[in-house]
Amino acid sequence: MLTVVKNQLRVCFLSIQYNIMREMVNKVTFLTNVVFMVLNDASILVQWFILFRLRDDVGGYSLREVLMLWGLVAASFGLSNILFARALSLPNLIINGKLDAYLVQPKNVLLGVLTSETRISAIGDLLYGVILVCVCRPGVGGFCLFLLFTITGALAFTAFALLLGSLSFWFVRMDILQNQMLMGMINFGTYPDGIFQGAARILLYVLLPVGMALWLPSHVMARFDGKMLMAVLGYVFLLSAAAVAVFYRGLKRYASGNLMEARL
Amino acid sequence: MQAIEVENLSKTFRVKRKEKGIRGSIGAIWHPRIEEIQAVNGVSFAVEEGEMLAFIGPNGAGKSTTIKMLTGILYPDGGRVEVLGMEPMKKRRQLAYQIGTVFGQKEQLWTHLTPNDNFRFFGAIYDLSERETEERIEELSERFALKDFIDTPVRNLSLGQRIRCEIVASLLHKPKVLFLDEPTIGLDPVVKENVRELIRQMNREEHTTIFLTSHDVGDIEKLCQRIIIVNDGQIVLDDSVEHLKNHYLHHKSAENELQKETAPSMEGMAAAAENGDASDASLEDIIVEIYKAQGEV
């Protein structure tokens, strides 16, 4: 059993390593992608600095807490797109019958698919998130929590993308819904949850995994709460399990295809 | 011993149909019309270990769908499949260690990497140690003459070089059964012959069972002992290539002689038969004739 896991991890890491090697073929593009993503993320902070000059808190958050939230969202999204970027283009693979290459390999299909793409700009997101949190000086414990929640956040992003993408086994053009929902998750996730009330707040805790995967962790980082921590871990586990179940259920409906294609 | 056993295999696809134009598109939202297409319909056959079988048919006959069910890519709707004693859908991973696949129209290699790096990746996929992978790369690159371009990115290789690399990648783990789906598509005659020789050699030396689909009659004639022709998802002929070549035309000639009395305007094969020179017709002519008899072409 251990050997199976070890061999599977070896293939996953090799796949991610090869993805990065592919992107590094053009060093200038690689570096500019990373650097400009950091700058791009940083530029959005200007509005928060202006806002916090006018008010002391926004939705119950101080500037430091907003920066921590931003750091968590950017790092989670970045990690997800470094390790499992293919979750975002899963509908394309399903609709165009491009899963064949993964199905004939003696390895886990889902992990093979998810790790087959890396978005290089995501390295910029992850770097930005880590830098931002370091600037906030959360202490050793706080930084460990940040790392833990970056992992759970990345898993939640991936699982949500996988869940929506897997619906392509049943419905066409699910890529549009997937894209909109994920953009919604990122956009809403970067605002303090206190500004959302009523139905909007319920939707952001139920329909989108914003509340459970991003806001709750940011509360735990601000004031540690064991129950909340367990709730986050449990939620991410259930969301991931649901996404995996839907993917494998859908895989039985996979129809393959005969398009000429290349693995680029 | 049998490498592949297939019994009453069937697969149906559901395909959406719509009327032409924007009206049709809007109408399809409220009243979607879904048709069922029987891609494979009650196919049964068996392949012996070490046999080289050609599984052919016109476009849309169900060849690729069958191969995909044999390799665990698609779930069958009905029937039974066993490859090396395993059901592909239930033991997909275990089976994948024992089989190799080459899809001529689909690249499995990473194009930005060299063949060498690709082979190392495939070595890891099949749980080979680094030493085993190195030894196998050395052996196969010698046999498939890859040495000159093994460190050149795949995207810079010619089609022939790439296909050789695809075959090597699928052979690293010494598969017992190799599925080749149009492996020589787009290759020039010299490279085709080269690839065929390598496949023959592999079958001879490693006793690999070959399951081949191809529209190139040269592949079938030069590689396979047995041929299965499918059309509309059903097997219409299962015979040895030699027997087919020797006897089909004689049978056809006799049939045409009979028909000539009532329908004297037969062309093509009938003309060859009338001349009493059945041996002039190639395997390709025979296959085309069988396709025509099935209402294709």
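**View 1. The open sheet of chain B has six strands in the order 5-6-7-3-8-9, with mixed pairing.** Strand 5 (99-103) and strand 9 (234-240) of chain B are the edge strands, each pairing on one side only. Direction ignored, neighbouring strands of this sheet are turned by 15° against each other on average. Strands pair if DSSP finds at least two bridges between them; helices (H or I, at least four residues) and strands (E, at least two) are DSSP runs, numbered from the N terminus. This is a predicted model, in which local features need pLDDT of at least 70 and side-chain atom pairs count only at pLDDT 80 or more, while totals for chains, interfaces and linings use all residues. Residues are numbered from 1 along each chain as its sequence is written, chains are lettered from A and ligands numbered from 1 in the order in which they are written, and side-chain values use heavy atoms, with hydrogens and water left out.

View 2. Three bridges join strand 3 to strand 7 of chain B, in parallel, and B:Leu53 stands opposite B:Phe211. Four bridges join strand 3 to strand 8 of chain B, also running parallel; here B:Ile56 stands opposite B:Ile229.

**View 3. Strand 8 (residues 226-231) and strand 9 of chain B run antiparallel, joined by six bridges.** B:Arg226 stands opposite B:Ser240 in strand 9 of chain B. Helix 11 (residues 283-293) of chain B packs on the sheet, touching strand 3, strand 8 and strand 9 of chain B (heavy atoms within 4.5 Å).

Notes. Axes fitted to C-alpha atoms, helices over the stretch in contact; angles between N-to-C directions.
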